[in-house]
Amino acid sequence: MLTPAENELLCRVEGDAPMGKIMRHYWMPACLSEEIPEADGKPIQVRLLGENFVAFRDSNGEVGVMDELCPHRRASLVMGRNEECGLRCLYHGWKMDRHGNIVDMPSEPPESPLKDKVKHRALPVKEWAGLVWVFLGEANSVPEFIPPAWAPNADTKVSIAKIKIPCNWAQILEGAIDSSHSSSLHSSDMVPSRVVQAEADDNAWYRPSTDKNPSMRSKSTEYGFHYAAIRRPIKKADTHSYVRTSVFVSPMTVLIPPNASYNVANINVPIDDTNTAFHFIGWGENAMDTEKWRAFLGATLGEHLDQNWVSKRNLSNWFQQDRQMMKDGNFTGIIGIPNQDMAMWITMGPIANRSEDTLGAGDAAVVEFRRYMMAQLSKYQEEGKAFEKSIFRKGPEQIIPSWQGIIPKETDWSDPQEREEKKLQQW
């Protein structure tokens, strides 16, 4: 349980909020590459940490992300002309290239020195794994872009389902690291089965356990923490445990235990204090194609989501919950794993009131997340910094991977090599 003041510190990201300042130390996704597919195509508005930007692909196919409002008279550049390697404001014709340089001022005399004195704010940009990443921090302290653990190489197969969710980023992230809820909320999609490890097909995910009361263990890392949800397996319960380890990579990424076919992750980008861009990711050689992935999750653009990535399931229609489907055996009556989660997150309110939580043994990972983030916030407020520079440099190969499998009870769950060596391969 957090105090109201601590909850505000954790959740608020706009303006001078300490949590928002911490997040500005990191590269974060601004949009999907598919949202700006064409050179000289339509610009889009992007909102991050309470600030509005415009994203566009210039004539050379390079992406620019700049402050949305023209530096001249503050009209929106989202409506501007995207032409000849720059955005031209409709109001007076001022034109900026993707670096924020003013390349044309038709409303000024040719001899005017103003063009050389004005620079529009443009963010550092990197395209990687189907996303446009930006850095919002100080221009003189841009860290090297390190590929995320879920896309370590440029050719990693990645499928991303994106949903804009009207609630705070922290309650979404807490849902991602909360392994115990999956045995209830997702029980119709994560089905107990007599398999040796988690498996998946186009219809469901299968688990070798019926245990809804996992024992929780956590261990800190330099970049966050990893934890284990330890359950009784369907077979060999006397001598073995079914272990699912999740990894929190600060400040907004969770590596979710994989199945036999592909890996899973999510990244939760604060749009502002009460809205979040949630990205649910399947990755690896056998990951589903993007269209199939989104269909499986109930997150297809145009069908399940509107053109702004907002779900058609919402509080006004109670997330299209089907009570007849519930009577027929489906636990939630809601199709799609993210949609089930989303219903829980949104009904908590725009910012969940953690001062009224009643936490139990199954909430160990949530407790660890809050402890970790409050420690970083305290450090930031005392020292003006949150993390050592070395932590910004952690590459995918240095981050402990998420994992799942059946292992002997005496196995050290936190040792990747030991647990893999002793993982049960067959009954």
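Predicted model: local features only at pLDDT ≥ 70, side-chain atom pairs only at ≥ 80, totals over all residues.

Student: Which residue of strand 7 does L87 stand opposite?

Tutor: In general, the strands of a sheet pair through backbone hydrogen bonds, and the pairing may be parallel or antiparallel. Here the residue of strand 7 that stands opposite L87 is M96.

Student: In what order do the four strands of the open sheet lie?

Tutor: The order is 5-6-7-8, with antiparallel pairing. The edges are formed by strand 5 (81-82) and strand 8 (102-104), each of which pairs on one side only.

Student: Turning to helices, at what angle do the axes of helix 1 and helix 8 cross?

Tutor: An angle from 65 to 115 degrees counts as roughly perpendicular. The axes of helix 1 (residues 4-11) and helix 8 (residues 364-383) come within 10 Å and cross at roughly 80 degrees, which means that helix 1 is roughly perpendicular to helix 8. Helix 1 contributes E6, L9 and L10 to the contact, while helix 8 contributes F369, M373, M374, L377 and Q381. Sorted by class, the residues of this contact are six nonpolar, one polar and one charged.

Student: How many aromatic pairs are there, and why is the pair of F248 and F369 called edge-to-face?

Tutor: The count comes to 15 aromatic pairs. Planes over 60 degrees apart count as edge-to-face, and because the planes of F248 and F369 stand at 90 degrees, with ring centres 5.3 Å apart, the pair belongs to that class. The pair also links distant parts of the chain, since F248 lies in strand 17 (residues 240-249) and F369 in helix 8, 121 residues apart.

Student: What kind of pair do F280 and W293 make?

Tutor: Their ring centres are 5.7 Å apart and their planes lie at 5 degrees, so the pair is stacked. F280 belongs to strand 20 (residues 275-283) and W293 to helix 5 (residues 290-297), so the pair ties together parts that are 13 residues apart in sequence. Both F280 and W293 are buried, and they belong to one aromatic cluster that also includes W205, Y262, F278, F296 and W345.

How values were computed: Residues numbered from 1 in each chain as written. Heavy atoms only, no water. Axes fitted to C-alpha atoms, helices over the stretch in contact; angles between N-to-C directions. Helix = DSSP H or I, 4+ residues; strand = E, 2+ residues; numbered from the N terminus. Parallel < 35°, antiparallel > 145°, perpendicular 65-115°, else oblique. Contact = heavy atoms within 4.5 Å. Nonpolar A, V, L, I, M, F, W, Y, C, P; charged D, E, K, R; others polar. Phe/Tyr/Trp six-rings, centres within 6.5 Å; stacked < 30°, edge-to-face > 60°. Buried < 20%, exposed > 50% of the residue type's maximum accessible area, 1.4 Å probe, protein only. Pairing = 2+ DSSP bridges.
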